[in-house]
Amino acid sequence: MKALIIGCGRFGVRVADYLTRNNHDVVVIDIDPETFTALGETFTGRTICGVGYDKAVLEAAGVAAADVVISCTSSDSLNAVVANTAKNVYHVPTVIARMGDPVRARLFESMGIYTVSITKLGLENVVEYLEGSKSWQVIRKLGDGVQLVRARVQVALVGTPVGALHIPGKFRPVAIDRAGRTLLPEDDMCFAYNDILYLAVASESLAEARDMLGL
């Protein structure tokens, strides 16, 4: 997994340490180069000195290919800008933002951005979310009644026609990522190993969709 961490404070250092120890590709961005000394000698990722919301800085860090962006500076406003840019400009699959304002946090949750509040800030919150989002992730809410889900197709579904997951009024396959290409699936197209499925799901049918996907 390729992860970008914006903010090299205490929490950013803990997340960077966890991810590098688990062999993930990590880039840490901070405006103050002196903060990087806290990463220690065991840190195997890259560091970039710059403003976290600057597109040139984000692109130098590889945001276009990132699997997750975690913005955990001490500024809600900066984290909001970074999260919005990562989600809506670069379409990063998983975006996490530290957020102290509960109103803003709820807004970002509705956009598919996971927020961690200052009061419950802990590595376990991010780890739990990252582990859980590998196979299933709500990436966007479409109005009040439909959610767009990104899910990894399980082995048990390999060879199953995509149309089996088209249940009128409940859920409909939208696209499939396969071997680096994004496809618009026909009902008779069959799932292959390691497919990533994008599924439009009625909000009240989320649990049923997860059951059908074996998640």
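Which residues does Val-92 touch, not counting residues up to four places away in sequence? A few notes on this predicted model, starting with that one.

1. **Val-92.** Setting aside residues up to four places away in sequence, Val-92 touches Val-63, Ala-66, Asp-67, Val-68, Val-69, Ala-86 and Lys-87. Val-92 also turns up among the residues with the most contacts inside the largest nonpolar core, alongside Leu-4, Ile-6, Ile-29, Leu-58, Val-63 and Val-69. That core has 23 residues.

2. The elements that supply at least two core residues each are strand 1 (2-6), strand 2 (25-30), helix 2 (55-60), helix 3 (76-88), strand 5 (94-98) and helix 4 (102-110). Helix 3 gives the most, with four residues.

3. Val-82 has a relative accessible area of 0%, so it is buried. Leaving out neighbours within four places in sequence, Val-82 is in contact with Ile-6, Gly-52, Tyr-53, Val-69 and Ser-71. Two of those names, Ile-6 and Val-69, are on the list of residues with the most contacts inside the core. There is also a C-alpha distance to check: Val-82 and Lys-55 are 27 residues apart along the chain, and their C-alpha atoms are separated by 9.2 Å.

4. His-91 lies in the loop between helix 3 and strand 5. Its phi is positive, about 55 degrees, although His-91 is not a glycine. At 58% relative accessibility, His-91 counts as exposed because the cut-off for that label is over 50%.

5. **Helix 1.** This one covers residues 10-21, twelve residues in total. From first C-alpha to last it reaches 17 Å, close to the 16 Å expected at 1.5 Å a residue. The buried residues in helix 1 are Phe-11, Gly-12, Val-13, Val-15, Ala-16, Tyr-18, Leu-19 and Thr-20. After the helix comes Asn-23, with a positive phi near 65 degrees.

6. **Thr-20.** Thr-20 has a relative accessible area of 9%, which is under 20%, so it counts as buried.

7. **Salt bridges, starting with Lys-2 and Asp-25.** A search of the whole structure finds four salt bridges. In one of them the side chains of Lys-2 and Asp-25 meet, at 3.6 Å from N to O. The pair links distant parts of the chain, with Lys-2 in strand 1 and Asp-25 in strand 2, 23 residues apart. Lys-2 counts as buried at 14% relative accessibility, whereas Asp-25 counts as partly exposed at 41%.

8. **Glu-208 and Lys-170.** Here the closest N and O atoms of the salt bridge are 3.1 Å apart. Glu-208 sits in helix 6 (residues 206-213), and Lys-170 in the loop between strand 8 (146-152) and strand 9 (171-178); the two are 38 residues apart, another link between distant parts of the chain. Glu-208 is partly exposed at 32% relative accessibility, and Lys-170 is partly exposed with a relative accessible area of 32%.

9. **Asp-195 and Arg-178.** This salt bridge has its closest N and O atoms 2.6 Å apart. Asp-195 lies in the loop between strand 10 (181-183) and strand 11 (196-202) and Arg-178 in strand 9, so the bridge ties together parts that are 17 residues apart in sequence. Asp-195 is buried, with a relative accessible area of 0%, while Arg-178 is partly exposed at 24%. As background, side chains of opposite charge can pair when their charged atoms come close.

10. **The strand 10 to strand 11 loop again.** Asn-194 lies in this loop too. Asn-194 has a positive phi, near 75 degrees, and is a residue other than glycine. Its relative accessible area is 43%, so Asn-194 is partly exposed. Tyr-193 is found in the loop between strand 10 and strand 11 as well, and at 62% relative accessibility Tyr-193 counts as exposed.

How values were computed
Residues are numbered from 1 along each chain as its sequence is written. This is a predicted model: local features need pLDDT of at least 70, side-chain atom pairs count only at pLDDT 80 or more; totals for chains, interfaces and linings use all residues. Side-chain values use heavy atoms; hydrogens and water are left out. A nonpolar core is a set of buried Ala, Val, Leu, Ile, Met, Phe, Trp, Tyr and Cys residues joined through side-chain atoms within 4.5 Å. Buried means under 20% relative accessible area, exposed over 50%, partly exposed in between (1.4 Å probe, protein chains only). Contact means heavy atoms within 4.5 Å. The expected span of a helix is 1.5 Å times one less than its number of residues.
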